[in-house]
Amino acid sequence: MIEWFGENLWAAWLALTFVLAVVESFVLDLMFLMLAVGALAAMTVSLAGGAAWMQVVIGSVTALLMLGAVRPIALKHLKKGPEDQLTNIDRMQGMEAHTIETVTDSSGLAEVDGDTWTARAAGDYQIEPGAAALVESVDGATVYLKPSPRIDWNDPQAREA
């Protein structure tokens, strides 16, 4: 078994490449992808008949070069746009929401921009179904709402002002 492993070290490098690529698919920060490229370079040296020490050196140097030179440039291109650019969730603050169910501090549903969200009251409010509200903040898949300011035209004090 050990003899086969020594003769087919390329298979170990290939397996390491796949493992690192799978980890990268979960992490998405391009670090494990750069390490996978280093393992791929080591596999190439192994297939070309290079010694084990040379495989490790070439793989390590390639991974370090990828991490130091390619990754920063790739991250810069991935994160294009102004730093103050709002994401979809950031732009929702202040948007109007329409409640579907009664919204309290522990339950509720609301529609915001055509999508249904889990909703919670952003304070000691109870917002009835069909009432308009404003998005105060978003946490995960939950919007925190406050009642929309409105004028009660039947209120005698509102007419005097």
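Residues are called buried under 20% relative accessible area, exposed over 50% and partly exposed in between, using a 1.4 Å probe and protein chains only. The model is predicted, so local features need pLDDT of at least 70 and side-chain atom pairs count only at pLDDT 80 or more, while totals for chains, interfaces and linings use all residues. Residues are numbered from 1 along each chain as its sequence is written, and side-chain values use heavy atoms, with hydrogens and water left out.

Helices (H or I, at least four residues) and strands (E, at least two) are DSSP runs, numbered from the N terminus. H2 covers residues 9-27, 19 residues in total, and reaches 27 Å from its first C-alpha to its last. That span is close to the 27 Å expected at 1.5 Å a residue, the expected value being 1.5 Å times one less than the number of residues. Within H2, Leu9, Trp13, Thr17, Leu20 and Glu24 are buried. Viewed down the axis of H2, these buried residues fall within an arc of 90° (taken from the directions from the helix axis to the C-beta atoms), so they line one face of the helix. Their cover includes helices H1 (2-7), H3 (31-47) and H4 (52-78). On the face turned away from the buried side sit the exposed residues Phe18 and Phe26. Just after H2, Leu28 takes a positive phi of about 60°.

Attention then turns to Ala121, which lies in strand S3 (residues 115-121). Ala121 is buried, with a relative accessible area of 7%. Leaving aside neighbours within four places in sequence, Ala121 is in contact (heavy atoms within 4.5 Å) with Val103, Thr104, Asp105, Tyr144 and Leu145.
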